[in-house]
Amino acid sequence: MMTGSELEADEAQPDGSGAELEAGRKLFAQRCDFVMAGVKPDDVPASDRPEIAFAGRSNVGKSSLVNALTGRKTLARASNTPGRTRQLIFFDLAGRLMLVDLPGYGYAKAPKQDVALWTGLTRAYLKGRPQLRRVLLLIDSRHGLKDSDREVMTALDKAAVSYQVVLTKADKPKPDELSRCAEATAAELAKHVAAHPAVAVTSAESGQGIAELRAELALLALPAAAG
């Protein structure tokens, strides 16, 4: 995992230039292939590619965000039953970046044994993945941070895993409600040592914030091959 100095160095952000937006567009327009789904720590594939993990409460829109970023409708499958995804799902983006869809958390109706299994799987992955560059912690913009999100943030702080909050479903709340949510989230993140300072505001439905998030993630990918 990253040291404190490495976390600070990883805070580089895109300046919003057209070149960076285009680099993000080009990266996410390339092939993105399903690699595997792991159900236990030993299943996690060896890889030398930088990894970006998507975490969040069940039904927060992880699959929708992955699909929106990659411009595909069915790359990541959204379940109609919250809490159903119980695997680490790996996608290889153009050989330059690995996208990892983590099991959702915070779904109270799931059997306790199942919750323990996939929570343990996620924790094992987060603790032993040196190539993990960032966790995107998805938060529903209609509801803001919940206690279960704060527990994950504290765990990521302790593990020195860099993470960034991404507000999802930004097309749902009213503009003033969205602004208040973003401001309150940013204020709370300032108290967490491993948190990326910028809050991304996105909507998989309208496309809001998707291009900017692509540009930011492209900065963490391996360089494009020459020629």
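Modeller: Angles under 35 degrees count as roughly parallel, over 145 as roughly antiparallel, 65 to 115 as roughly perpendicular and the rest as oblique. The axes themselves are lines fitted to C-alpha atoms, for helices over the stretch in contact, and the angles run from 0 to 180 degrees between N-to-C directions. Helices (H or I, at least four residues) and strands (E, at least two) are DSSP runs, numbered from the N terminus. This is a predicted model, in which local features need pLDDT of at least 70 and side-chain atom pairs count only at pLDDT 80 or more, while totals for chains, interfaces and linings use all residues. Residues are numbered from 1 along each chain as its sequence is written, and side-chain values use heavy atoms, with hydrogens and water left out.

Colleague: At what angle do helix 3 and helix 7 pack?

Modeller: Helix 3 (residues 62-70) packs against helix 7 at about 80 degrees, with the axes 10 Å apart, and the two are therefore roughly perpendicular to each other. Contact means heavy atoms within 4.5 Å, and here Leu 65, Ala 68 and Leu 69 of helix 3 meet Ile 210, Leu 213, Arg 214 and Leu 217 of helix 7.

Colleague: And how does helix 2 pack against helix 7?

Modeller: Helix 2 (residues 18-28) and helix 7 (residues 210-218) cross at an angle of about 85 degrees, their axes being 7 Å apart, which makes helix 2 roughly perpendicular to helix 7. On the side of helix 2 the contact involves Glu 20, Leu 21, Ala 23, Gly 24, Leu 27 and Phe 28, and on the side of helix 7 Ala 211, Glu 212, Arg 214, Ala 215, Leu 217 and Ala 218.

Colleague: Which elements does the chain have, and in what order do they run?

Modeller: There are seven helices and seven strands, and from the N terminus on they follow the order α-α-β-β-α-β-β-α-β-α-β-α-β-α.

Colleague: How should I read the confidence, and where is the pLDDT below 50?

Modeller: The pLDDT is the predictor's confidence in each residue, from 0 to 100. The chain averages 85, and 82% of the residues score at least 70. Over residues 1-11 the pLDDT is below 50, although this stretch has 28 contacts in the model beyond near neighbours in sequence; residues 79-84 also have a pLDDT below 50, with seven such contacts.

Colleague: Is Gln 164 buried or exposed?

Modeller: Buried means under 20% relative accessible area, exposed over 50%, and partly exposed in between (1.4 Å probe, protein chains only). Gln 164, which lies in strand 6 (residues 163-168), has 0% relative accessibility and so counts as buried. Leaving aside residues up to four places away in sequence, Gln 164 touches Arg 134, Val 135, Leu 136, Leu 137, His 196, Ala 198, Ala 200 and Glu 216. For the chain as a whole, buried residues make up 48% of the 227 residues.
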